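Please look over the sequence and the model shown here before reading on.

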Amino acid sequence: IVPDPLVMHFVRLVNNSVSCTPTFIQKAALACPQTEPEVAKMVKEFTARRKVVVEGLNAIEGISCLWPAGAFYAFPNVKNVGMPGPEFAHHLLHEAGVATLSGTAFGDAGNGYLRISYANSQANLKEALRRIAEAVKKIRG
């Protein structure tokens, strides 16, 4: 319903204002009481999930991923997969059943990257990595 030149601007607006946690909610979370054992347990689990995802992505030919320093997202470089990032994200969703977000959602500098959340169980993350590896093998021949 918007002119083609404006579509990506609207996509960024909606993605970052509706899909992401608003700043005021993040600030409210800081005011919530947190018990140290629960926080430590979650930090340990997310550290393990990050390791699974980053090591798994780096084991796939054509993909490289740096160690994320925060949040629960990896931002792997997929420039050598053999398919542009947005197409690859679409391919993973429709052919492999793995939801990712093209790095272009964050601007032109994100071209050739994907954003992958590791806010899921280690078992599901390992299965997603297996599916990604299979998808890449098919693309690369």
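## Where to begin

In which strand does Tyr73 lie? Tyr73 lies in strand β1, where helices (H or I, at least four residues) and strands (E, at least two) are DSSP runs, numbered from the N terminus. The model is a predicted one, in which local features need pLDDT of at least 70 and side-chain atom pairs count only at pLDDT 80 or more, while totals for chains, interfaces and linings use all residues. Residues are numbered from 1 along each chain as its sequence is written, and side-chain values use heavy atoms, with hydrogens and water left out.

## The sheet

Three strands form an open sheet, in which the order is β1-β3-β2 and the pairing is antiparallel; two strands pair if DSSP finds at least two bridges between them. The edge strands are β1 (73-74) and β2 (101-102), each of which pairs on one side only.

Strand β3 covers residues 114-117 and is joined to β1 by two bridges. Within β3, Ser117 is the bridge partner of Tyr73, and Ile116 is the bridge partner of Ala74. Two bridges also join β2 to β3, and here Ser102 stands opposite Leu114.

In a regular strand the side chains alternate between the two faces of the sheet.

## Pairs of aromatic rings

Rings of Phe, Tyr and Trp (its six-membered ring) pair if their centres lie within 6.5 Å; planes under 30 degrees apart count as stacked, over 60 as edge-to-face and the rest as tilted. By this rule there are four aromatic pairs. One of them is formed by Phe72 and Tyr73, whose ring centres are 4.8 Å apart and whose planes stand at 35°, so this pair is tilted. Phe72 is partly exposed at a relative accessible area of 31%, and Tyr73 is partly exposed at 28%.

Why does the pair of Phe75 and Tyr113 count as stacked? The ring centres of Phe75 and Tyr113 are 5.3 Å apart and their planes are at 5°, so the pair is stacked. Phe75 lies in the loop between β1 and α4 (85-96) and Tyr113 in the loop between β2 and β3, so the pair ties together parts that are 38 residues apart in sequence. Phe75 is partly exposed, with a relative accessible area of 36%, and Tyr113 is partly exposed at 21%.

## Around Tyr73

Phe46, Phe72 and Tyr73 form one aromatic cluster. The charged end of Arg115 sits over the ring of Tyr73, 3.9 Å from its centre, and the charged end of Arg49 sits over the ring of Phe46, 4.6 Å from its centre. A charge sits over a ring if NZ of Lys or CZ of Arg is within 6 Å of the ring centre and within 35 degrees of the ring normal.

Leaving aside its neighbours within four places in sequence, Tyr73 is in contact (heavy atoms within 4.5 Å) with Pro68, Arg115, Ile116, Ser117 and Tyr118.

How values were computed: Buried < 20%, exposed > 50% of the residue type's maximum accessible area, 1.4 Å probe, protein only.
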